[in-house]
Amino acid sequence: MMPAIVLLLALLTLAAGEIAHNDPHFAPGHDAIVHLFEWKWNDIAKECEQFLGPVGFGGVQVSPVQENIVIDKRPWWERYQPISYKWITRSGTREQFIDMVARCNKAGVRIYVDVIMNHMSGDRNDAHGTGNSRANTYNFDYPQVPYTVKNFHPRCAVNNYNDPSNVRNCELVGLHDLDQSQEYVRSKLVDFLNDLVAIGVAGFRVDAAKHMWPSDLRTIYSRVRNLNRTHGFPNDAQPYIFQEVIDYGNEAISKREYNGIGAVIEFKYSYEISNAFRGNNNLKWLVNWGEQWGFLPSKDSLVFVDNHDTQRDNPQILTYKYSKRYKMAVAFMLSHPFGTPRIMSSFDFQSKDQGPPNDGNGNILSPSIHDNICSNGWICEHRWRQIYNMVRFRNLVKGTKIDNWWDNGSNQIAFSRGCSGFVAFNGDQYDLKKNLKVCLPPGQYCDVISGNLEKGRCTGKIVTVGSDGNANIEIGAGEEDGVLAIHVKAKMA
């Protein structure tokens, strides 16, 4: 019997170690990740201290920290063409990055780095990087690492998504494909990740994880050190790893090959939530939102409405350009307990390749922020009242389940989160006017979508909850917002 017991314990230990990569390790009272796409490190540090921490955001996904090739006209995607593992990009220097991580952790906001391990750059004449590194890309020669041609898979193009070997061993859009089965390549990647963990990073978004073999990633992840306790992380905390595995259910590679080794970015969630709030699928069907929709388990799912790719590539996905419906979808994501939510914070773009706001010489401009409104070309969805107040809502209802679901058989829905919060959505062409069970203590509450509770008064709608726990809920079809939300901390004195 002893060998069987030993084997069982070994398997349980392995499983526990893998599952540990699914915890974002938010500070107490914080939740939700915001992707500050292409922001500079100094600006992120200030945002953590002045806004994200006080509001209760859990973390920031930052753009790639590793040195990338400089490309004419400075498109956003140059950040995804590494030339070395030096920490120097248009967002700032290594020293600025270290300072940002420390300041954000002190503010209760974790940092998750977008890491590129699948590939290096594509072919480029006069290839030079943001830190002045040089490479002969045609010869697969990256001396700053160093990598040579022997560290890459032989050249072939990813062109058959029904063939896992083609997807994982060939070049994605011409980007030189690293061979992660090699111990030398693994060691370089592990050193890069451990360097980030050492200075207080909480985890990683793994770019193009679908294009790497799960067995190779498992080995790499297993060698990443535990999080740095000096930044407030618990004992034996492993990095939160959320992997980009685009899986809509029609290809040979499945997201279920990856959720045993870390969390997975749930692209089907994005598609379905946009489909619903665009009006293509009745909101009433969201009553069983979660795994029954074909999603991974909640703990394994990084969920989102849009990201920097789908904004540009998929016209069916809701973005800031469809603000009313978009805010409804984000509010639903934040009010629903399923998954670990990530909010997109964008810069305005008019063409697919357009890079971040810059001064004409390629230097990124800082957002100019007044009264929570960003300018200088930045959108800053995370500073929209309808979004940041739902982050507060999420923190306040944490640990409760969905109760008192109501729908009108079509596109008007509502539910409470225990007796701590209540939210309603009107996706129909006519007004929502209904007396509903909200389960909050009797009194007057401020709708945190249309306004705030300030000095004991509401700047937006007022909702009166009776002694029976019911309230008259109204959302006009023509109103600016199609959502209403109240919670226990928005009660008037």
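**Ground rules**

I am working from a predicted model, in which local features need pLDDT of at least 70 and side-chain atom pairs count only at pLDDT 80 or more, while totals for chains, interfaces and linings use all residues. Residues are numbered from 1 along each chain as its sequence is written, and side-chain values use heavy atoms, with hydrogens and water left out.

**Pockets**

Rolling a probe the size of a water molecule over the atoms shows where empty space is left. I noted the terms: on a 1 Å grid over the protein atoms alone, a pocket is an open set of points where a 1.4 Å probe fits, with protein on both sides within 12 Å along at least five of seven lines, and lining residues have an atom within 4 Å of a point. Points are joined across faces, edges and corners, and the volume is the space filled by probe spheres set on them.

For the classes, Ala, Val, Leu, Ile, Met, Phe, Trp, Tyr, Cys and Pro count as nonpolar, Asp, Glu, Lys and Arg as charged, and the others, Gly among them, as polar. Helix α8 (residues 310–313) gives the most to this lining, with three residues. Helices (H or I, at least four residues) and strands (E, at least two) are DSSP runs, numbered from the N terminus.

The second largest pocket has a volume of about 300 Å³. I found 18 residues in its lining, with Asp 23, Pro 24, Phe 26, Lys 299 and Lys 398 nearest its centre. Its classes come to six nonpolar, six polar and six charged residues.

**Salt bridges**

I counted a salt bridge where a side-chain nitrogen of Lys or Arg is within 4 Å of a carboxyl oxygen of Asp or Glu. The structure holds 24 of them.

I looked up Asp 313 again here, and its side chain meets that of Lys 352 in a salt bridge (3.2 Å, N to O). Asp 313 is in helix α8 and Lys 352 in the loop between β10 (340–345) and β11 (368–370), so the pair links distant parts of the chain, 39 residues apart. With a relative accessible area of 45%, Asp 313 is partly exposed; buried means under 20%, exposed over 50%, and partly exposed in between (1.4 Å probe, protein chains only).

Arg 90 and Glu 78 form another salt bridge, their closest N and O atoms being 3.9 Å apart. Arg 90 is in the loop between β4 (82–87) and α3, and Glu 78 in the loop between β3 (66–68) and β4, twelve residues apart. Both are buried.

For Lys 210 and Glu 251, I noted 2.5 Å, N to O. Lys 210 lies in the loop between β6 (203–206) and α6 (214–222) and Glu 251 in the loop between β7 and β8, so this pair ties together parts that are 41 residues apart in sequence. Lys 210 is buried at 5% relative accessible area, whereas Glu 251 is partly exposed at 32%.

I also noted a network of salt bridges that links Asp 114, Arg 205, Asp 207 and Glu 244.

**Backbone**

Most residues other than glycine have a negative phi, and most peptide bonds are trans. I listed the following entries against that.

- Ala 32 has a positive phi near 80°; it sits in strand β1 (residues 31–36) and is buried, with a relative accessible area of 0%.
- Asn 404 has a positive phi of about 55°; it belongs to strand β13 (residues 402–407) and is partly exposed at 30% relative accessibility.
- The peptide bond from Val 145 to Pro 146 is cis, with omega near -5°, and Pro 146 is in the loop between β5 (110–115) and α4 (164–169).
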